[in-house]
Amino acid sequence: WRKALHGEGAPRSRGRRALRRAFFGLASLYLLALAEPALLFEAKAEHGRFRVHSDSVPALELQEVLERASARLETSPIDNPTILQRVYLCQPNWKRQLLAPGSSDALALNRRLLATIVVNGGDVEKDTIRSSLTPDLERSLSGVLAHEATHTLIREHLGLVKSLRLPSWVNEGYCDYVAGESTFPLARARAMIREGESDPSNLFFYARAHLLVQHLLEHEGWSVSDLFERRISADEV
């Protein structure tokens, strides 16, 4: 108290206050970026249900990618083209880390609570995207957009709570089924399943889930409502 009275502790106190202001300032900027990621991007393009924020991508090729993604979504009976799909194409690595921390190995991420899709790079001109962990495997950018947009459709169709309670293999399998592809080669996954083999990777999980959903819908005669409502394990399928 005596030091404060005579001003001896003032420089240290001012330094701490400055650090606190800097910390809260940076935290506020980060929360603002999460709430409105468009502030981080230079370009915006709209096509039908999609609003895409990016750093200068070829407009014509982007329109074609979005048309292919929309065509895949239209094959689903729960499709709703009036739902706006906000997409952020993160070409610089720092933007991906900022908007989707901890998901650098994922091709894309649907932030369900914020209704946004964060895409980790991708080549718009070639309509391709590769994972940094598995550069030898690629899939279409339009397919990835269709997959992530289907998560939004499921949430809107079932409600947030019910959609979160879906088994992962149903949720991810249906999204890959609508996309019409998986990153792990489907023919290889089908052969492995027939031989009783497995693979610990998430990529195989997605492909297996895709094939299970496809089997139920195309061979067992299930409807999409059956898929969401009936409780059956992946092993049973």
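Guide: A residue is called buried when its relative accessible area is under 20%, exposed when that area is over 50%, and partly exposed in between. The model is a predicted one. With that cut-off, the buried residues of helix 3 are Leu 62, Val 65, Leu 66, Ala 69, Ser 70 and Leu 73. When the helix is viewed down its axis, these buried residues fall within an arc of 135°, so they line one face of helix 3.

Helix 3 itself runs over residues 59–73 and has 15 residues. From its first C-alpha to its last, helix 3 reaches 21 Å, close to the 21 Å expected at 1.5 Å a residue.

The cover over the buried residues of helix 3 comes from several elements, including strand 1 (43–47), strand 2 (50–54) and strand 3 (85–90). Helix 5 (141–158) and helix 7 (168–179) are also included in that cover.

The side chains of Arg 51 and Glu 46 meet in a salt bridge of 3.2 Å, N to O. Arg 51 counts as partly exposed at 24% relative accessibility, and Glu 46 likewise counts as partly exposed at 45%. Lys 44 joins Glu 46 and Arg 51 in a network of salt bridges.

Elsewhere in the chain, Arg 208 and Asp 235 form a salt bridge between their side chains at 3.2 Å, N to O. Arg 208 lies in helix 9 (residues 202–218) and Asp 235 in the segment after helix 10 (224–229), so this pair ties together parts that are 27 residues apart in sequence. Arg 208 is partly exposed at 25% relative accessibility, while Asp 235 is exposed at 67%. A search of the whole structure finds ten salt bridges.

Arg 112 lies in the loop between strand 4 (108–111) and strand 5 (116–120), and at 23% relative accessibility Arg 112 counts as partly exposed. Leaving aside residues up to four places away in sequence, Arg 112 touches His 151, Arg 155, Ser 163, Leu 164 and Asn 171. Arg 112 and Arg 155 are 43 residues apart in sequence, yet 7.8 Å apart in space, C-alpha to C-alpha.

Leu 164, one of the residues that Arg 112 touches, lies in helix 6 (residues 160–164). Leu 164 is exposed, with a relative accessible area of 52%. Together with Leu 160 and Val 161, Leu 164 makes a nonpolar surface patch of about 260 Å².

For the chain as a whole, the secondary structure comes to ten helices and seven strands. Buried residues make up 43% of the 237 residues. Among contacts between residues at least 6 apart in sequence, 63% join residues at least 24 apart. The chain exposes about 13,100 Å², of which carbon and sulfur atoms supply 52%.

Methods. Residues numbered from 1 in each chain as written. Predicted model: local features only at pLDDT ≥ 70, side-chain atom pairs only at ≥ 80, totals over all residues. Heavy atoms only, no water. Patch = residues over 30% accessible without salt bridge, like charges linked within 9 Å, V, L, I, M, F, W, Y side chains within 5 Å. Areas by Shrake-Rupley, 256 points an atom, 1.4 Å probe, with all protein chains shown as cover. Salt bridge = Lys/Arg side-chain N within 4 Å of Asp/Glu carboxyl O. Helix = DSSP H or I, 4+ residues; strand = E, 2+ residues; numbered from the N terminus. Buried < 20%, exposed > 50% of the residue type's maximum accessible area, 1.4 Å probe, protein only. Expected span 1.5 Å × (residues − 1). Arc of directions from axis to C-beta. Contact = heavy atoms within 4.5 Å.
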